[in-house]
Amino acid sequence: MMSRWQQLTIYIGETDQWKHQPLYSAIVTLAREHGLAGATVTRGMAGFGEKGKIRTANILALSIDVPIVITIIDREDVLTEFIPAIRAMVHSGLITLQPMTVLKSNVLN
């Protein structure tokens with residue numbers, strides 16, 4: 001029987017914090033502690049969110065709060081248990097969940 005996989009994507013700002021540490025770091029640590037298959041943090045070059053303020057890594061713009069995207073892929077049941085913790089941590093941002101087809105992986109069994 002084929003397992004159902006999902007992709008959890010979290011969009012936040014680089015300066016977002018959780019208990020005096022970067023939020024993205026806290027989320028990755030929590031994902032590892034929960035035994036999730038893996039997590040990837042991507043630092044964006046530019047973007048804007050709910051407040052409409054453009055955040056950019058351009059040195060001329062002097063912005064240090066660039067967009068951060070955290071991607072976690074795992075089985076549906078595992079992510080369903082993990083999501084409440086993420087919702088409690090992300091106060092300003094976007095959290096999405098979508099079905100995922102895994103074609104090849106040595107980690108996701």
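1. Let's start with Lys 19: its relative accessibility is 65%, so it counts as exposed (exposed means over 50% relative accessible area, buried under 20%, partly exposed in between, with a 1.4 Å probe and protein chains only). Keep in mind that this is a predicted model, where local features need pLDDT of at least 70, side-chain atom pairs count only at pLDDT 80 or more, and totals for chains, interfaces and linings use all residues. Residues are numbered from 1 along each chain as its sequence is written, and side-chain values use heavy atoms, leaving out hydrogens and water.

2. Lys 19 sits in the loop between strand S2 (17-18) and strand S3 (21-22) (strands are DSSP runs of E, at least two residues; helices are runs of H or I, at least four; both are numbered from the N terminus). Most residues other than glycine have a negative phi. Lys 19, not a glycine, has a positive phi of about 50°.

3. His 20 lies in the loop between S2 and S3 too, with a positive phi near 65°. His 20 is exposed, at 81% relative accessible area.

4. Now for the helix pair. Leu 23, Ala 26, Ile 27, Leu 30 and Ala 31 of H1 meet Phe 82, Ala 85, Ile 86 and Met 89 of H2 (contact means heavy atoms within 4.5 Å).

5. Look at Ile 27 in particular. Leaving aside residues up to four places away in sequence, Ile 27 touches Ile 10, Ile 70, Ile 72, Phe 82, Ile 86, Met 89 and Val 90.
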